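Dear colleague,

Please find below the structure that I am handing over to you. My notes on it follow directly after.

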Amino acid sequence: MTCDSMGRRKRRTTFPIRRRRKSVFLRCPSCQHNSITVEISKRDAKAVIRCFNCGLVREMGLKPGEGKLDVYTRFFDAFVESQP
Ligand SMILES: [Zn+2]
């Protein structure tokens with residue numbers, strides 16, 4: 001009887017798709033750690049930038065079409081400029 005072994009041939013090697021959480025930590029201009037996270041709230045058209053290392057929090061207005069990195073770049077520039 002080979003029925004059983006025939007039935008088994010359908011097995012395909014499948015790769016479990018791991019969804020990598022895109023947790024990108026960005027450099028904090030204040031403490032120089034890669035510990036900045038950007039939370040975007042499209043509904044409120046704002047972004048909250050947070051550093052979990054030094055506790056820096058900044059709220060930025062979100063321009064249409066902007067992504068996290070755009071906001072972060074603006075934040076970074078603004079921060080650096082505001083420094084003496
Ligand atoms: Zn920091």
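Leaving aside neighbours within four places in sequence, which residues is valine 71 in contact with? They are Val38, Ala47, Met60, Leu62 and Glu66, where a contact requires the C-beta atoms of two residues, placed from the backbone, to lie within 7 Å.

Please note that this is a predicted model, in which local features need pLDDT of at least 70 and side-chain atom pairs count only at pLDDT 80 or more, while totals for chains, interfaces and linings use all residues. Residues are numbered from 1 along each chain as its sequence is written.

Overall architecture

The protein has two helices and four strands, and from the N terminus on these elements run α-β-β-β-β-α. Helices (H or I, at least four residues) and strands (E, at least two) are DSSP runs, numbered from the N terminus. Of the 84 residues in the protein, 12% are buried; a residue is buried if 20 or more other C-beta atoms lie within 10 Å of its own, exposed if 12 or fewer, and partly exposed in between, with C-beta atoms placed from the backbone. Among contacts with a separation of 6 or more, 24% join residues 24 or more positions apart.

Nonpolar core

A nonpolar core is a set of buried Ala, Val, Leu, Ile, Met, Phe, Trp, Tyr and Cys residues joined through C-beta atoms within 7 Å. The largest one comprises 10 residues: Cys28, Ile36, Val38, Ala47, Ile49, Cys51, Leu62, Val71, Tyr72 and Phe75. At least two residues of this core come from each of β2, β3 and α2 (68–82).

Strand pairing and hairpins

Two strands pair if DSSP finds at least two bridges between them. β1 and β2 are antiparallel and share two bridges, with leucine 26 bridged to isoleucine 36 in β2. Six residues separate these strands in their hairpin. Glutamine 32 lies in this loop, between β1 (26–27) and β2 (34–41), and has a positive phi of about 65° although it is not a glycine. Glutamine 32 counts as exposed because it has 10 C-beta neighbours inside 10 Å.

β2 and β3 are likewise antiparallel, over six bridges, and valine 38 stands opposite isoleucine 49 in β3. Their hairpin has four residues between the strands. Alanine 45 lies in the loop between β2 and β3 (46–51) and, although not a glycine, has a positive phi of about 55°. With 13 other C-beta atoms within 10 Å, alanine 45 is partly exposed.

Yours sincerely
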